[in-house]
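Reader: I have just opened this one and have not looked at it before. Could you walk me through a few of its details?

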Amino acid sequence: MRTRVGAGLLLAALSLAGAARAQDVDEPAEAPPQAPLPRANWYTLQTPHFDIHFYPDERALAERLAHYAERAWRLNTRYFNWRPAGHVQLVVSDFDDNANGSASSIPYTFINAYGAPPDPLDELNDFDDYGKLLITHEFTHVVHLDTMLSPCARLLNTLEGRTYAPNLAEPTWFVEGMAVLMESRQTTGGRLRSSFYDMHLRVPFLEGRLFDLDQITNIPLAYPGGTAAYLYGSSLLKYIEDRYGPQKIREISHRTADTCFPGGMNRVARQAVGRGYVGVFGTGLFDDWKRSQAHRYTLEVEDASRRPLTPGTRLTWDAPGPRGEGPGARFFRDGTLVYHRVDTDQWPAYVRLDPVSGARATLARLVGTGPAAPTPDGRALIVQRVNFFPLPWRIVGNSDAGWNDLFRYDLASGALRQLTRGQRAHEPDVSPDGQWIACVLVGTGTRRLALVPISGGEPRVLMAGAPGLAYTPSFSPDGRFIAYSRYKPGGYRDIHVYELATATDRAIAVDRAMDMDPRFSPDGRFVVFSSDRTGIANIFAYELATKQLFQVTNVLAGAYQPAVSPDGRRLVFTGFTSDGFDLWTLPFDPALFHPAQPFANARPDAPQDLDGESDSPDARPEDAFAPFTTRLTPYHPWKYLYPRQWQLTLLQDAFGAGNTLQINTNLSDPVSTHLFGLNLWIPSSGRPAWQVAYAYDRLWPSLNLSVAESDTRTTGLIVGDQNLAYTQRTFSASGSIGLPVMRRADASADVTLAYDYSAYGMVSAVPVGDPTAPITMKPAAGPFADVRLAWSFSNAHRWPYSISNQTGRNLSLTLRLLDPALGGRFHGTEVSWAWSEFLTPPWARLHALALLTQGGFGLGDKRDFFSLGGYADQDVVRGLLLNQQQYAFLRGYPVNAVTGDSYLVLTAEYRAPLVWIERGYESSFLYFRRIWGTAFVDAGNAFQGRFQPDNLKTDAGVEAHLELQLFWFIDTQLQLGLAHAFSSGGGNQLYFVTSFSF
């Protein structure tokens, strides 16, 4: 009976996974050709201070980054007066289309650098060279976080390896603000020079909605979310540097690095500059900074107001928009438009909007998508969407490359058809005759202009050898030209016009203004684009015949992504408020245009050579053209497989053998091919215990192995009428293979195959019993062996403001088999499953109905037992500090109220947000985020034998969840609940615990 039930559950789950695929892709009869995938055979380029690891596809970028890394070493170590010991490990990879990187100093100094350049409206889009900006930013983290002056840190790191860096205890706004400050100081670009970035401070100031210090210290949910730490932190530190001098920034870093205990931010700042970030009896640095910003933005508003302002009419109230993309309005020929809605509380979607009446309709709900363009016949959208490709060799642990491709979404049928495969195609636009798609092909350090047939296929690259990076192409109304934005070495971001017939290309202007998002007017007279040449991004129009440049908008916030209606009378653009990005409109009337003012460049010129430092205030004459040698070798992971840190922990009677010293360490190489975990337990009496774990993470399937041995004092030896303690020795070994069988933008699935073996038995001598007493019963002994097959699937989704998953499901199914043929002595079968379903009610976007069924059963002579019950009493403060969260299946009942070799749980929860807090006390370690409530019903039981529905224990109740953040980085929650049990063995239960929810 149970076997049939398990087989039925397995078939039902697998069929349900097929039905759960949110958006199937209709493949054409002949699939588009796939671009080659990288085979990550790694090499190491060694410079005086860096080991740069790359595979052949990344070689050109790695060689460029070598120059930028040595440049950053000279400048940043001079600024901070600190030199990291040993070589910094720099890993260059390109498995993702997002521009990013990471760095740390624990357990060794390392940098991960991704090869993809930033998207058009990415916050990183202002640079003189993206590689230089990326390495300067990340190496700042290395130097800053590696600074360790405290005797406590030195002693601890001497005893336990590199485990403690005092500067890592600083809040994110200081750590990231420092890196943004240096990226802008040591290059001629950077976010502190970016008008796009500055807009994110100017507009909240003008609207009276600046974040306070407590909010940026703990990363608010509200827009711009995590970016706020970079934004406010860098601006505040730049103010301190300008007012007190660079030496004070260095002093703050060194004073923090010289403390034994983390925290004390205010005290450290007061010691360095004479006042803290928050004043004790008056204003502090944060208030001073806000006043300085007020003066600055007041002058900017006065300057912008010298010409009539054009605020426009707001069309949408969705927000937030970028990082990397905006609403991106594109007109249909009937005068309606489509835009991409990516907000905080609902599905990402393409929405059709009538800018005259305001009527709107959702065309498609898709995750993982980006810019889209309608076809001229209005029947379809050409959309950019992330695509996943299994890699022949993993790249820094990643089994799949997540690259964007072009798809055709049919508006009538909802069918989604793939047009390119692995081409990394971005920012599509369709030719007026509907035959071609202009797009940008992203690669390692490249963005190339290309054409793709409307039916799909191999892209044709235009100007393959042209320097720089291409962005946002757009066809002219007659299809003869493509206007696009091109970044060129030296930090020039200009509008270019490419003529298809002659393959010629020319720039409208060449300067350091950020000229972006070009579109032709419907009559072909103007190229309309966004530019920050006034200091604030506005819409400009370039008249092709007269070569005159006009300013179309004059706003105080920013204007991006212009589009002109088919009748040429309406301009729609992406505007900005404190909430994020929305669509705005105003008349498009050339008679109202003003001649553009001449652009005045306030930036220093970028040096022409890779090693040049003329743009940095920290340069010295002797650094000019500083030569260095390099050495190229195959990558040898074994060179890096040695302990860099180990942890010493004193445990109380861990194995029943007295106090126990635990020593553990982890080893890995920089590109994550080999990962070792070593544990040793040394008890005050008895034999040491040990465990060795290994993971090989280079193949598409992951491989994990583990071997361990331990002696444990336990009970279960029955001699006469006594239950005696004895020593059990266990040797265990296990291995597993993980198969990431599906990766999609909207769903993922994994299969795991594992084998476990353990030989265990008593090693104590059996005492001689009384011959007249009952028989001596020895405890059970092994060997034990099983195989496990586990499958999981998820297409559950949540939005930035969600308190829970809002849609989709999580499924898992595990089958476990025991048989003597596997090396053990037992027979058995065990099946377990879990299925959670999430629904959003139509009356509230952020409410959620969460449903769960979970269960399992076992057969045979060796099987697990399951226990169900409510919450245990808990020391809440300790639970928070140690992140010891509970989960309960039957609320209102005692802990482990029911036990059996089978169990079944059914739970329904209605979840709703109650109070939005998002406040803490200044820069303290405690931050309250929000409160949300739950009304729940549980039913379940653990049992042996047949399942009896009448035996289900039931309960119901309500809970309030307080989400909070501790020490700036630890997200946790407190839960106050009242549950009433309706079945025997339970009652009313009031509980206050740390918890998590399914």
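**Salt bridges and other local details**

Author: Let us begin with aspartate 334, which is exposed, because its relative accessible area is 53%. Please keep in mind throughout that this is a predicted model.

Reader: Which residue does aspartate 334 form a salt bridge with?

Author: Aspartate 334 forms a salt bridge with arginine 352, and the closest N and O atoms of the two are 3.2 Å apart. Aspartate 334 sits in the loop between S7 and strand S8 (337-341), while arginine 352 belongs to strand S9 (residues 349-353), so the pair ties together parts that are 18 residues apart in sequence.

Reader: And arginine 352, what is its relative accessible area?

Author: The value for arginine 352 is 22%, so arginine 352 counts as partly exposed.

Reader: How many salt bridges does the count come to?

Author: The count comes to 63 salt bridges. One of particular interest for reading the chain joins aspartate 212 and arginine 919, with the closest N and O atoms 2.9 Å apart. That pair links distant parts of the chain, since aspartate 212 is in the loop between H6 and H7 and arginine 919 is in strand S45 (residues 902-920), 707 residues apart.

Reader: How exposed are aspartate 212 and arginine 919?

Author: Aspartate 212 is partly exposed, with a relative accessible area of 26%, and arginine 919 is also partly exposed, with a value of 36%.

Reader: Give me another pair, perhaps with glutamate 499; what is its partner?

Author: Glutamate 499 forms a salt bridge with arginine 480, where the closest N and O atoms are 3.6 Å apart. Glutamate 499 lies in strand S21 (residues 492-499) and arginine 480 in the loop between strand S19 (469-475) and strand S20 (481-488), so this pair ties together parts that are 19 residues apart in sequence. Arginine 480 is partly exposed, with a relative accessible area of 44%.

Reader: Which residues do salt bridges with shared partners join into one network?

Author: That network consists of Asp212, Asp214, Asp287, Lys290 and Arg919, which are joined by salt bridges that share partners.

Reader: Changing topic to helices: at what angle do H6 and H8 pack?

Author: Helix H6 (residues 195-206) packs against helix H8 (residues 227-244) at an angle of about 85°, and their axes are 10 Å apart. With that angle, H6 is roughly perpendicular to H8.

Reader: Which residues meet there?

Author: From H6 there are Tyr197, His200, Leu201 and Pro204, and these meet Thr227, Tyr230, Leu231, Tyr232, Ser234 and Ser235 of H8.

Reader: What about serine 253, is it buried or exposed?

Author: Serine 253 is buried, because its relative accessible area is 0%. Serine 253 is placed in helix H9 (residues 246-257). If its neighbours within four places in sequence are left aside, serine 253 is in contact with Phe80, His144, Thr147, Asn167 and Met178.

Reader: Now the backbone: where are there cis peptide bonds?

Author: The bond from isoleucine 106 to proline 107 is cis, with omega near 0°, and proline 107 lies in the loop between strand S4 (101-104) and strand S5 (110-114). The bond from alanine 319 to proline 320 is cis too, with omega near -5°, and proline 320 is found in the loop between strand S6 (313-314) and strand S7 (330-331).

Reader: And which residues other than glycine have a positive phi?

Author: Among them is isoleucine 219, whose phi is near 60°; isoleucine 219 is placed in the loop between helix H7 (213-218) and H8, and is partly exposed at 28% relative accessible area. Arginine 424 also has a positive phi, of about 60°, although it is not a glycine. Arginine 424 is found in the loop between strand S14 (416-418) and strand S15 (425-430), and is buried, because its relative accessible area is 5%.

Reader: One last thing, which residues form the nonpolar patch on the surface?

Author: Leu648, Leu650, Leu661, Leu680 and Ile682 form that patch, and together they have about 410 Å² of accessible area. The elements that give two or more residues to the patch are strand S32 (646-651) and strand S34 (674-683). Leucine 680, for instance, is found in strand S34, and counts as partly exposed because its relative accessibility is 32%.

How values were computed. Residues are numbered from 1 along each chain as its sequence is written. This is a predicted model: local features need pLDDT of at least 70, side-chain atom pairs count only at pLDDT 80 or more; totals for chains, interfaces and linings use all residues. Side-chain values use heavy atoms; hydrogens and water are left out. Patches are made of residues with over 30% relative accessible area and no salt bridge: like charges are joined within 9 Å, nonpolar side chains (Val, Leu, Ile, Met, Phe, Trp, Tyr) within 5 Å. Accessible areas come from the Shrake-Rupley method with a 1.4 Å probe; for residues, only the protein chains shown count as cover. A salt bridge is a side-chain nitrogen of Lys or Arg within 4 Å of a carboxyl oxygen of Asp or Glu. Helices (H or I, at least four residues) and strands (E, at least two) are DSSP runs, numbered from the N terminus. Buried means under 20% relative accessible area, exposed over 50%, partly exposed in between (1.4 Å probe, protein chains only). Contact means heavy atoms within 4.5 Å. Axes are lines fitted to C-alpha atoms, for helices over the stretch in contact, and angles run from 0 to 180 degrees between N-to-C directions. Angles under 35 degrees count as roughly parallel, over 145 as roughly antiparallel, 65 to 115 as roughly perpendicular and the rest as oblique.
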